[in-house]
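Visitor: I'm new to this one. Could you take me on a close look at the cavities inside it?

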Amino acid sequence: MIKSLHKRKSELANSNKQVEFLSNGIFKGGELATFNTKIAETNQFPLRPKKLEILQINLGYMCNQVCEHCHVDAGPDRKEIMTKETMLHCLDVIKTTNAHTLDLTGGAPEMNPNFRWFVDEASKAGIKDFIVRSNLTILRANKKYYDLPEFFKNHNIHVISSMPHWTKGKTDKQRGSGVFDKSIKALEELNAIGYGMPNSSLKLDLVYNPSGAFLPGNQVALEKDFKKALHDDFGIQFHNLFAITNLPISRFLDYLIASENYEDYMYALVEAYNPEAVKNVMCTNTISVSWDGFLYDCDFNQMLELPVSSKVKHISEYNEEQLQERTIITSQHCYGCTAGAGSSCQGNIIPA
Amino acid sequence: MQKTYYDPADLKKFGKISEWNEELGSKFFEYYNSVFMEGNLSEREKSLIALAVSHTIQCPYCIDAYTGDGLQRGITKEEMMEALHVAAAIRGGASLVHGVQMMNKVNKLEM
């Protein structure tokens with residue numbers, strides 16, 4: 001198992017270094033336009049929020065996996081975990097927010113010791129779409145997690161899980177040895193209790209990230225191929241596939257630099273830039289909350305430690321109206337969300 | 001003068017071909033894009049055919065383009081290599097099948 005950048009004491013574990021790297025080189029010399037210059041061409045700078053739809057809460061960076069592309073730099077060695085006190089602040093917000101979607105992520109959010117209590121309490125608020133981003137293998141990692149599928153079902157949780165390919169080779173290469181087999185087992189268990197079945201209200205969606213320095217292909221075509229292969233090979237069913245572009249930050253940035261793919265990848269992102277995608281990029285309808293309660297425009301800005309540009313900085317002082325007045329912090333990594341059909345935690349921004 | 005005949009950066013300039021003949025360039029790219037759209041064959045199948053043909057005609061631009069295209073479509077390296085062996089088999093077979101011509105000639109001339 002590889003180690004996190006933090007454990008390796010890599011220079012890129014420092015988010016300031018990442019931001020600095022992304023602002024220099026091909027972007028400093030003007031070889032490629034900076035993101036802010038690019039969106040200004042269509043009068044979209046600065047980006048401003050629209051109606052808040054999604055409250056995304058990161059319960060901690062601890063994870064049982066260490067994926068090569070992880071933008072969180074998550075892993076078993078990360079100790080940043082949301083406390084119960086911060087969760088209580090989050091619950092106050094969940095009860096009053098206008099957002100229709102609550103999205104719990106990590107790391108592996110299930111590894112937070114107060115995860116079940118938090119889900120119990122949060123589900124009482126009656127939010128329309130309650131998502132848990134599960135890496136699947138956690139459901140098979142330890143006996144104490146074996147009943148999580150039933151727990152999800154009892155709380156009508158919408159499960160979104162990562163699955164980089166329908167073959168073992170590609171999946172294990174990105175996510176670690178043995179991940180594919182465990183993920184298949186977890187998907188079979190979720191299917192067995194109704195998740196992902198054609199007419200089931202128990203939603204099960206998969207997330208596809210390219211396993212390398214290339215952009216995702218057509219989401220509809222990939223979904224078709226995933227559905228056929230997983231059904232033919234294992235009898236597995238799911239609802240939607242979200243094709244997500246890897247953003248050039250954290251471990252994926254480290255990989256791009258080490259493999260000498262960084263410049264070509266940035267060129268590919270800039271060439272695929274689509275001004276239409278900018279209009280609905282996810283930071284315009286999302287607030288991201290970090291494990292320690294600070295507020296960000298998106299999960300990526302959280303990892304780069306670029307907080308919201310607002311007087312309201314922390315969940316304990318949350319004020320939705322005031323947050324809606326902010327401008328969104330953007331930089332070169334944002335090209336990852338505006339390439340082609342656009343990319344967000346809900347997949348393509350522009351529907352096929 | 002550039003030191004190599006092929007420059008990877010030139011692939012990105014392919015569209016500029018139209019600048020010196022707008023009508024024919026546009027017609028070509030319209031045709032090209034139509035060819036690769038889903039039809040009786042899927043876009044995925046067409047991508048694999050393109051990759052195999054790229055190797056047959058030994059076009060570095062095309063190999064670059066359709067290797068990347070295949071990865072984006074989730075095509076595995078095993079599938080790509082199988083497609084290349086189809087190209088290699090046809091190309092090798094095309095040489096070898098001419099052996100029949102050689103044999104005919106030998107049989108005609110030898111006592």
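Guide: Let's go through the cavities one at a time. This is a predicted model, where local features need pLDDT of at least 70, side-chain atom pairs count only at pLDDT 80 or more, and totals for chains, interfaces and linings use all residues. Residues are numbered from 1 along each chain as its sequence is written, chains are lettered from A and ligands numbered from 1 in the order in which they are written, and side-chain values use heavy atoms, leaving out hydrogens and water.

Searching the whole structure turns up two cavities of 30 Å³ or more. A cavity here is a set of points, on a 1 Å grid over the protein atoms alone, where a 1.4 Å probe fits but cannot get out, and lining residues have an atom within 4 Å of a point. The volume is the space filled by probe spheres set on the points, which are joined across faces, edges and corners.

The largest cavity holds about 580 Å³ of space. It is lined by 32 residues, and closest to its centre sit A:His69, A:His71, A:Val72, A:Thr105 and A:Ser162. In chain A, β3 (129-134), β4 (158-162), α10 (250-258) and α13 (299-303) each give two or more residues to this lining, and β4(A) gives the most, with three. By type, the lining of the largest cavity splits into 13 nonpolar, 15 polar and four charged residues.

Now for the second largest cavity, with about 110 Å³ of space. Of its 16 lining residues, A:Val281, A:Cys283, A:Cys298, A:Cys334 and A:Cys337 are the closest to its centre. This lining has 12 nonpolar residues, four polar and no charged.

Terms used:
1 Å grid on protein atoms, 1.4 Å probe; cavity = no way out; pocket = protein on both sides within 12 Å on 5 of 7 lines; lining within 4 Å. Helix = DSSP H or I, 4+ residues; strand = E, 2+ residues; numbered from the N terminus. Nonpolar A, V, L, I, M, F, W, Y, C, P; charged D, E, K, R; others polar.
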